[in-house]
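Here's a quick briefing to read alongside the structure. Have a look at the fold, then work through the notes below.

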Amino acid sequence: MTDVLLSGTDLRKSFGQTPALDGASMTVRRGEIVAVMGPSGSGKSTLLHCLAGIVAPESGSVVYAGQELSAMSDKKRSALRRTEFGLVFQFGQLVPELSCVENVALPLRLSGVARKEAERVAKDWLGRLEVDAAADKRPGEVSGGQGQRVAVARALVAAPKVIFADEPTGALDSLNGEQVMRLLVSTAKETGAAIVLVTHEPRVAAYSDREVVVRDGRTRQVELVQ
Ligand code: ADP
């Protein structure tokens with residue numbers, strides 16, 4: 001399979017006596033949306049963190065675009081995360097002291113883009129996520145749904161190849177959740193970004209192209225019926 005962009009193979013990770021991953025494997029192809037499903041505590045977030053290079057597995061390998069993550073220096077892995085990956089969590093984790101447009105511009109600023117240009121691109125992304133009105137407000141002054149759309153804009157602004165979304169609608173009501181998912185999926189499709197979508201909600205997983213089910217730290221691939 002030449003179009004595999006990211007793969008985790010036979011990943012194992014424990015926290016003390018608790019095994020979180022017990023031989024989990026999954027692949028992500030370019031531009032595809034993969035839902036990672038399973039009950040609470042099954043290892044979904046740990047799997048996402050390993051694939052995103054945030055947590056190092058005890059054994060197994062994670063390969064992104066032909067490169068083994070564990071073989072990279074910390075500096076190179078951080079640079080890869082900044083340029084190739086975007087992250088969205090259950091709570092947007094926006095920087096409270098910055099305005100929404102400054103939050104979205106942050107990944108570009110960290111990559112050396114000048115403030116004016118970074119904020120111009122950030123404003124454009126806020127528009128695409130239908131949340132322009134939040135630009136000059138701080139995260140504490142916008143609604144949960146608006147905040148998550150700002151977080152999605154921030155995840156997409158640096159044109160990542162993979163977006164890792166961990167329960168991105170978990171703190172939203174169903175109407176706002178649907179809106180965030182619709183915009184996340186449509187903007188990712190437009191830019192060709194893949195999404196690793198951790199969720200326990202079938203309604204959210206319905207936006208994916210494929211599902212991987214995690215149970216007791218092990219993965220099961222679910223073939224598409226379409
Ligand atoms: P899920 O995302 O499916 O809810 P997690 O990957 O968060 O599952 O957790 C899998 C298991 O690992 C759980 O038993 C959880 O308590 C444990 N775990 C996860 N992260 C940590 C951590 N940082 N410290 C201790 N235990 C953890």
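In what order do the four strands of the open sheet run? The order is 2-1-4-5, with antiparallel pairing. Bear in mind that this is a predicted model, where local features need pLDDT of at least 70, side-chain atom pairs count only at pLDDT 80 or more, and totals for chains, interfaces and linings use all residues. Residues are numbered from 1 along each chain as its sequence is written, and side-chain values use heavy atoms, leaving out hydrogens and water.

**The sheet**
- Strands here are DSSP runs of E with at least two residues, and helices are runs of H or I with at least four, numbered from the N terminus; two strands pair if DSSP finds at least two bridges between them.
- Strand 2 (18-29) and strand 5 (67-68) sit at the edges, each pairing on one side only.
- Strand 1 (residues 4-15) pairs with strand 2 over nine antiparallel bridges, and serine 7 has threonine 27 in strand 2 as its bridge partner.

**Helix 5**
- Helix 5 is largely enclosed by the rest of the structure, because 11 of its 13 residues are buried (under 20% relative accessible area, with a 1.4 Å probe and protein chains only).
- Its buried residues pack against strand 6 (85-88), helix 3 (100-110), helix 4 (115-128), strand 7 (162-166) and helix 6 (174-191).

**Serine 208**
- Serine 208 lies in the loop between helix 7 (202-205) and strand 9 (210-215), and is buried at 9% relative accessible area.
- Its side chain reaches the backbone oxygen of alanine 205 at 2.7 Å and that of arginine 210 at 3.3 Å.
- Setting aside neighbours within four places in sequence, serine 208 is in contact with Ile33, Val34 and Ala35 (heavy atoms within 4.5 Å).

Conventions: Buried < 20%, exposed > 50% of the residue type's maximum accessible area, 1.4 Å probe, protein only. Polar contact = N/O pair within 3.5 Å; in protein donor to acceptor, adjacent residues only side chain to side chain.
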